[in-house]
Amino acid sequence: MNYYYCSKCHAITKRESKAQKIKSMCDTTGETVFITRIKNADELAVKLRKVFLKNAVELDSFKPKERMFLEMAFEQGAKVVFNSLR
Ligand SMILES: [Zn+2]
């Protein structure tokens with residue numbers, strides 16, 4: 001059993017597979033997508049950070065120390081999400 005990440009809706013689903021990528025249908029958008037395997041919380045944090053933190057938050061408006069704190073908090077959040085799925 002492995003965890004897979006949907007890049008369309010950012011949902012995480014369990015699958016009986018060991019493949020790195022699986023062709024699937026997104027439950028939310030109904031589109032055909034490739035869901036990608038996630039091995040651990042760090043990988044999930046990287047993916048989610050790329051989507052949400054970079055696009056939704058204008059990081060330039062924060063001081064470098066604040067930015068560091070934000071990123072740490074975000075990674076911690078991703079770990080909590082990942083662990084709650086197990
Ligand atoms: Zn989806």
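1. Burial is stated here by relative accessible area: buried means under 20%, exposed over 50%, and partly exposed in between, using a 1.4 Å probe and protein chains only. On this scale cysteine 9 is partly exposed, because its relative accessible area is 23%.

2. The model is predicted: local features need pLDDT of at least 70, side-chain atom pairs count only at pLDDT 80 or more, and totals for chains, interfaces and linings use all residues. Residues are numbered from 1 along each chain as its sequence is written, and side-chain values use heavy atoms, with hydrogens and water left out.

3. The zinc ion has as protein donors the SG atoms of Cys6, Cys9 and Cys26, lying 2.2 Å from it. The donor residues follow the spacing C-x2-C-x16-C in sequence. Donors are N, O and S atoms within 2.8 Å of the metal (3.2 Å for Na, K and Ca); water is not among the atoms, so sites may look incomplete.

4. Cysteine 6 counts as buried because its relative accessibility is 5%, and cysteine 26 is buried, with a relative accessible area of 2%. The structure holds 0 disulfides, a disulfide being a pair of cysteine sulfur atoms within 2.5 Å.

5. Cysteine 9 is placed in the loop between strand 1 and strand 2. Helices (H or I, at least four residues) and strands (E, at least two) are DSSP runs, numbered from the N terminus. Leaving aside residues up to four places away in sequence, cysteine 9 touches Cys26 and Thr28, where contact means heavy atoms within 4.5 Å. Between cysteine 9 and isoleucine 38 the separation is 29 residues in sequence and 15 Å in space, C-alpha to C-alpha.

6. Isoleucine 38 belongs to the largest nonpolar core, whose 8 residues are Tyr3, Tyr5, Ile12, Ile38, Ala41, Leu44, Leu48 and Phe82. Strand 1 (2-6) and helix 1 (41-56) are the elements that give two or more residues to this core, and helix 1 gives the most, with 3 residues. Such a core is a set of buried Ala, Val, Leu, Ile, Met, Phe, Trp, Tyr and Cys residues joined through side-chain atoms within 4.5 Å.

7. Serine 17 sits in the loop between strand 2 (12-15) and strand 3 (21-25). With a relative accessible area of 19%, serine 17 is buried. Not counting residues up to four places away in sequence, serine 17 touches Asn2, Tyr4 and Ile22.
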